[in-house]
Amino acid sequence: MYTVVSGEGSGIGLRPVSDSGAPAGEQRVVAASALAREVAADEASHTRWAWDDTNSWYPALLADGVRVDRAHDLRLAHAVLRASVLSARTALAEAGPTAWDRLAPVPPPGGPTAAALLRPDRHPGSEPLFDLGEITAPARTDHPAGNRRSHDAGPGSTREQDERRAPDQVRGPTDRPLAPENHLDPAVELTAQLLTLKDSTDPGRLRLLLAAESAGALAAAEMHHAGLPWRGDIHDEILTEALGPRPRPGARPAKLEDLANRIRDAIDAPPTLNPDSHPDLLRAMEYAGVGARSLRKWELEKLDHPVIAPLLEYKGLYRLYTANGWNWLDTWAPDGRFRMEYVVGGVVTGRWASTGGGALQLPHNVRRAVAADPGWTFVVADAAQLEPRVLAALARDERMAAAGRSKDGASTDMYAGIVAAGAVDSREHAKVGMLGAMYGGTTGVSAQVLPRLARAFPQAIELVERAARAGERGEKVTTRLGRSSPLPGDSWAAVQGSAFDEDAGADVQSRARSQTRSWGRFTRNFVVQGTAAEWALCWIASIRRRLWALGEDSTGCPPGLAPAPFDRRPHLVFFLHDEVVVHAPAALAEAVAQEVRAAADEAGRLLFGDFPVDFPLSVAVTESYADAKD
DNA sequence: ATTGAGAGCGCG
DNA sequence: AAAGCGCGCTCTCAAT
């Protein structure tokens with residue numbers, strides 16, 4: 001059973017819809033102020049809440065202390081169903097783009113991103129659907145961004161990326177308003193999606209994917225609501241220790257100023273030289289005979305010159321200061337919680353992205369500021385070698401899966417297992433070899449050991465090779481649960497075509513070839529990264545359900561600093577691709593660790609049934625995120 | 001003033 | 001050791 005939630009004039013409509021998509025009762029309209037109470041009452045019926053965008057509705061419910069168990073996020077589901085090859089021959093996929101294709105993700109309320117949108121103060125979610133078009137948060141586009149770095153960006157690559165953007169992508173507020181007929185009813189859309197599932201070639205997998213994606217949206221909203229416990233005083237301590245006291249606006253911190261002077265001295269540069277200006281610094285270094293052709297850290301490290309040491313130190317501290325300095329602290333964690341803004345499904349592969357705050361790039365050197373509340377603790381868990389294990393299971397490569405299983409209490413390190421299986425000589429070779437196989441590496445050690453891996457694990461290697469070849473032909477590839485890759489844009493085909501012209505120059509042909517291989521590397525990686533993302537979604541979906549159930553028994557716990565409804569409950573506070581942080585009453589830590597492990601097993605079964613693949617975790621119970629060694 | 005690029009680094 | 005996947009952020013600088 002579903003309950004469709006929608007804005008209806010001054011109130012909010014709640015419409016029961018059956019699992020087959022048929023209306024299952026009259027819509028009732030309730031006042032916005034009564035929504036939380038109504039939803040809480042209906043949770044007992046275990047309904048699945050269907051709404052346009054989780055962030056339009058759920059934050060307000062959480063603010064009222066109401067947690068929901070299941071949801072169906074129509075925007076996210078629509079995107080999956082439109083692209084999946086499993087639903088390619090359905091009405092929803094074959095029709096033209098609708099308003100649902102134009103929706104940009106709604107940012108979490110109350111954060112810097114939402115504030116930047118200058119929205120008039122309204123009750124969130126009480127507006128009709130088409131108003132969502134005002135959101136200016138950048139929608140993720142369909143390109144794999146394989147050409148973003150300069151060294152492999154051929155001429156015109158930027159233009160190509162723009163052309164790859166589908167014409168129906170959401171744009172900013174200057175975009176023309178959607179026509180009234182495009183203002184679609186969420187109940188109508190839900191019915192269409194349920195029919196699409198039924199007509200798809202694998203309803204089971206797609207249903208699971210949509211449920212996992214929506215559960216992810218719930219988890220992301222909950223993590224934003226709860227926030228990551230953040231000790232501003234510790235953060236300040238880290239910064240002051242590294243940089244000196246906080247400088248007045250416009251000034252460099254003392255340590256940076258110091259290092260800047262040492263850099264200038266070492267290369268005889270004038271005091272006016274700004275080390276933040278790459279062209280100026282590089283020119284001055286060239287004049288001093290340093291011999292650097294770029295300012296990349298790993299290239300500088302190879303050089304021997306008095307300027308190198310202070311320059312490397314400067315770069316490190318500069319990074320800390322600009323990306324995660326006092327400014328960041330003021331903006332993103334002013335009140336003891338870092339409220340990260342995840343963008344569920346924000347990456348083409350299905351991984352999450354984030355906007356503002358850099359939640360997915362939290363550097364290790366500030367993680368000490370992530371400290372549990374008094375009486376509480378963190379359970380930090382990460383999946384060991386997730387992607388190669390996913391590949392083994394995806395390919396049903398029994399020998400590779402066996403290399404990842406622990407025997408007789410032996411190591412659960414899959415790379416060690418690959419060595420033990422006699423495939424390669426060292427753990428390092430196993431690691432770079434597998435990474436190369438999954439990323440499409442063509443040089444160095446990675447390429448050297450690939451043939452040995454292919455001999456030992458022919459099924460796994462064949463799977464990624466086939467994905468690469470499909471991409472090179474311009475075809476879609478699909479993950480375990482049915483998320484399909486985008487097609488390359490029009491300009492891709494144009495370049496391919498022009499390479500076949502009689503008078504095609506060598507440069508045109510080589511550009512076409514390089515573009516072909518680049519897309520092949522993208523699709524090669526898509527199946528693995530995308531399926532790993534699905535495993536992770538199932539994992540956190542299971543975790544959040546288990547944690548809630550665990551909390552039922554802990555009502556004796558004294559309330560913590562965590563906001564309701566999590567004040568007495570262990571809850572997720574951080575997610576990073578293959579890693580989670582749970583904030584839990586200290587007394588529940590061991591129970592939480594057990595549930596997190598059970599959730600990983602459950603995720604493996606959901607994706608791969610009884611195929612014998614293990615997903616071992618490394619789990620740490622700790623007061624500080626920094627102490628969780630990974 | 002604002003915008004877009006390139007460079008570089010953070011994370012998985 | 002520095003190529004091969006996916007991202008976001010912040011800086012400078014040139015163009016608008």
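Five strands, in the order S3-S2-S1-S4-S5, make up an open sheet with mixed pairing; strands here are DSSP runs of E of at least two residues, helices are runs of H or I of at least four, and both are numbered from the N terminus. Strands count as paired if DSSP finds at least two bridges between them. At the edges stand S3 (28-31) and S5 (71-73), each with a single partner strand, so one side of each has no neighbour in the sheet. From one strand to the next, the twist averages 30°. This is a predicted model, where local features need pLDDT of at least 70, side-chain atom pairs count only at pLDDT 80 or more, and totals for chains, interfaces and linings use all residues. Residues are numbered from 1 along each chain as its sequence is written, while chains are lettered from A and ligands numbered from 1 in the order in which they are written.

Within this sheet, S1 (residues 2-8) and S2 (residues 11-17) pair in the antiparallel sense over 7 bridges, with Val-4 partnered by Arg-15 in S2. Helix H8 (residues 186-199) lies across S1, S2, S4 (48-51) and S5, at about 150° to S1. Such angles run from 0 to 180 degrees between N-to-C directions, with axes fitted to C-alpha atoms, for helices over the stretch in contact; contact means C-beta atoms, placed from the backbone, within 7 Å.

Another open sheet has 4 strands in the order S11-S12-S10-S13, paired antiparallel. Its edge strands are S11 (571-575) and S13 (617-622). S10 (residues 376-383) and S13 share 6 bridges, and Val-379 sits opposite Val-621 in S13. Helix H24 (residues 589-608) lies across S10, S12 (579-585) and S13, at about 160° to S13.

Technical notes:
Two residues are in contact if their C-beta atoms, placed from the backbone, lie within 7 Å.
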